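Visitor: I have a structure here and would like to go through it piece by piece. Can we start with how some of the helices pack?

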Amino acid sequence: MAKMSHGDTIPLHPSSQSDIDEIENLMIAGPANVLPARPPSPPRASIPVSSSPFLPSNLPPPPPSAPAAAYHKAPISASPPDAAYHKAPISASPPAAETSRGGIAADGFGSLPNTLTEPVWDTVKRDLSRIVSNLKLVVFPNPYREDPGKALRDWDLWGPFFFIVFLGLTLSWSASLKKSEVFAVAFAVLAAGAIILTLNVLLLGGHIIFFQSLSLLGYCLFPLDVGAVICMLKDNVIIKIIVVSIALAWSSWAAYPFMSAAVNPRRKALALYPVFLMYISVGFLIIAID
Amino acid sequence: MEEDYTSLPTSHLLGSVPAVAAEDKTGGAARESSTANLQNSPPANGGYQAPGSPYGGDEQATSSWKGACSISSYTPYFNVDSDIVVDRLITSVYPMNDFTRKIDGNPDLYGPVWISTTLVFMLAALGNCATYLMRKRNEPDIVWNFDVTYVDWAACVIYGYALAVPVAFYFLLQYVGCNASLIRLWCMWGYSLFIFLPSSLLLVAPVEIVRWIVIILAGAASSWFVALNLKAYTDGSDLMVLIVSALLLQFALALFIKIFFFV
């Protein structure tokens, strides 16, 4: 395999360098003497960090169970998470060790029968804990915000799906007329919007990973979800405007580093404007629906 | 050697995109296609792919077309920076005819796409506000109701107009023998819609005479912009009928916006 020395024009983030070192050490030392910090999630295709050549990403080793089985299980457990997810941020989720995924060289997808036989609650808990950890990384202040590639290594689409559907449902509940049109418009705007925003960055010559970006834009809807719930309970226009403005600012703050790092600095405004447009239009929908 | 990478079987690596290290944007002269190619996942050697070969010259459309589903075939149309876009927006407001010269070398589709999307949103939102304010003057006890169908109508009308009218004019111009470029027509019509954005803000005022003045001025400016640029584009050949019809169509759009959204 000929690795052409292209010379990184973008210097590696310090945390990325330590990741690379960690992975190299483990590849040399072998995976036998490292235990995963938490029950590892099912394996998936490795996702390259955007600012360096393709390297195995910092994922825990695949558990001994088939990767496909876990994903087939997830749809069955769709309804409990919807109710359970509300208490997930408050309940004691698996310890903070989940953010330190003991970096182990991804040695492919071995035979993994355990997720077929594990209890459904384990699968659900694992997906929920991933959603919560991604949420914490994206929406709340944390030390990894400067390196957007690290923020959502373990991206998933369940979180964004829940948030989009929840926002659509909340708006639909709040509406007094034409409830189904309201849900349709909200869902279409958010789902198509996430895809179009990602395409926009790619077309401007930016470097992002398609599904990671979809995932991030979905997670950044969490503040607007909270705002929508508050607006549903309180019907005063002034309060709604204040709450939605705060939620909007929070969402934009969450999405800003990722989007602005993805493109050439001269095109930053071009990449960010559609993000603000989408959040402002959703915010307006929240205020206007009554 | 780089071209071989795209034919390797890599569908099992769905979702990952090869990293591109160097991105030299030297004044826009050398164009590098984005390697974020959704169809072709990274090759089996680990996904490293050197930056695509720079394209020189002007007409990139034919040479860089990798198929309708590949992102990199559309990136030449989004090769603009923020300041260039702002400059084009300002030029569109004052109907001077050097807009055609500005977009000639580098027509972009970023402007038309996002101007029309912004316009759809603003018409739906401000149209609701304006209709509510106007009705409140006549019947003081009316209740605020957000009519979501405004979004549907705005989307259909604006996107339909911005997509279909340039296509129609493209075919008409080809028919009369004038060599036309669809991208430039889309670009021009897209930027011509920009003036409706600030004017829709002004149209919220619930005074009927103000609304009519605003929309007539905005419609006139926009139509004049379209007519002037079409004239400069067709460059001398006497196609007054086409130009006048473009002008009237744009003005009709302006009137429709006023009558439907800002009752």
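Guide: This is a predicted model. In chain A, helix α11 (residues 237–262) packs with helix α12 (residues 268–288) at an angle of about 155°, and their axes are 10 Å apart.

Visitor: What does that angle make α11(A) relative to α12(A)?

Guide: Roughly antiparallel, because angles over 145 degrees count that way.

Visitor: And is the crossing of α11(A) and α12(A) left-handed or right-handed?

Guide: The crossing of these two helices is right-handed.

Visitor: Which residues make the contact?

Guide: From α11(A), they include A:Lys240, A:Ile241, A:Val244 and A:Leu248. From α12(A), A:Lys268, A:Ala271, A:Tyr279 and A:Ile286 are among them.

Visitor: How do the residues of the contact of α11(A) with α12(A) divide into nonpolar, polar and charged?

Guide: There are 14 nonpolar residues, four polar ones and two charged ones in that contact.

Visitor: New topic. Which residues in the largest nonpolar core touch the most other members?

Guide: A:Tyr279, A:Ile286, B:Leu185 and B:Trp189 do, in a core of 120 residues. Both A:Tyr279 and A:Ile286 also belong to the α12(A) side of the contact with α11(A).

Visitor: Where does the largest share of this core come from?

Guide: Helix α4 (residues 110–138) of chain B supplies it, with 12 residues.

Visitor: What is B:Leu185 in contact with, leaving aside its neighbours within four places in sequence?

Guide: With those neighbours set aside, B:Leu185 is in contact with B:Pro166, B:Phe169, B:Tyr170, B:Leu173, B:Ala180, B:Leu230 and B:Tyr233.

Visitor: Back to chain A. Where is A:Ser172, and is this residue buried or exposed?

Guide: A:Ser172 sits in helix α7 (residues 158–174) of chain A. The residue has a relative accessible area of 14%, so it is buried, as the cut-off for that is under 20%.

Visitor: Which residues is A:Ser172 in contact with, apart from neighbours within four places in sequence?

Guide: A:Lys179, A:Val182 and A:Phe183.

Visitor: How does α7(A) pack with α9(A)?

Guide: Helix α9 (residues 210–219) of chain A and α7(A) pack at an angle of about 40°, with axes 8 Å apart. The two helices are therefore oblique to each other, and their crossing is left-handed.

Visitor: Which residues meet there?

Guide: A:Gly159, A:Pro160 and A:Phe163 in α7(A) meet A:Leu214, A:Ser215, A:Gly218 and A:Tyr219 in α9(A). The residues of this contact divide into four nonpolar, three polar and no charged.

Technical notes
Residues numbered from 1 in each chain as written. Chains lettered and ligands numbered in written order. Predicted model: local features only at pLDDT ≥ 70, side-chain atom pairs only at ≥ 80, totals over all residues. Heavy atoms only, no water. Axes fitted to C-alpha atoms, helices over the stretch in contact; angles between N-to-C directions. Helix = DSSP H or I, 4+ residues; strand = E, 2+ residues; numbered from the N terminus. Parallel < 35°, antiparallel > 145°, perpendicular 65-115°, else oblique. Left-handed = near helix turned anticlockwise from the far one by under 90°. Contact = heavy atoms within 4.5 Å. Nonpolar A, V, L, I, M, F, W, Y, C, P; charged D, E, K, R; others polar. Core = buried A, V, L, I, M, F, W, Y, C linked by side-chain atoms within 4.5 Å. Buried < 20%, exposed > 50% of the residue type's maximum accessible area, 1.4 Å probe, protein only.
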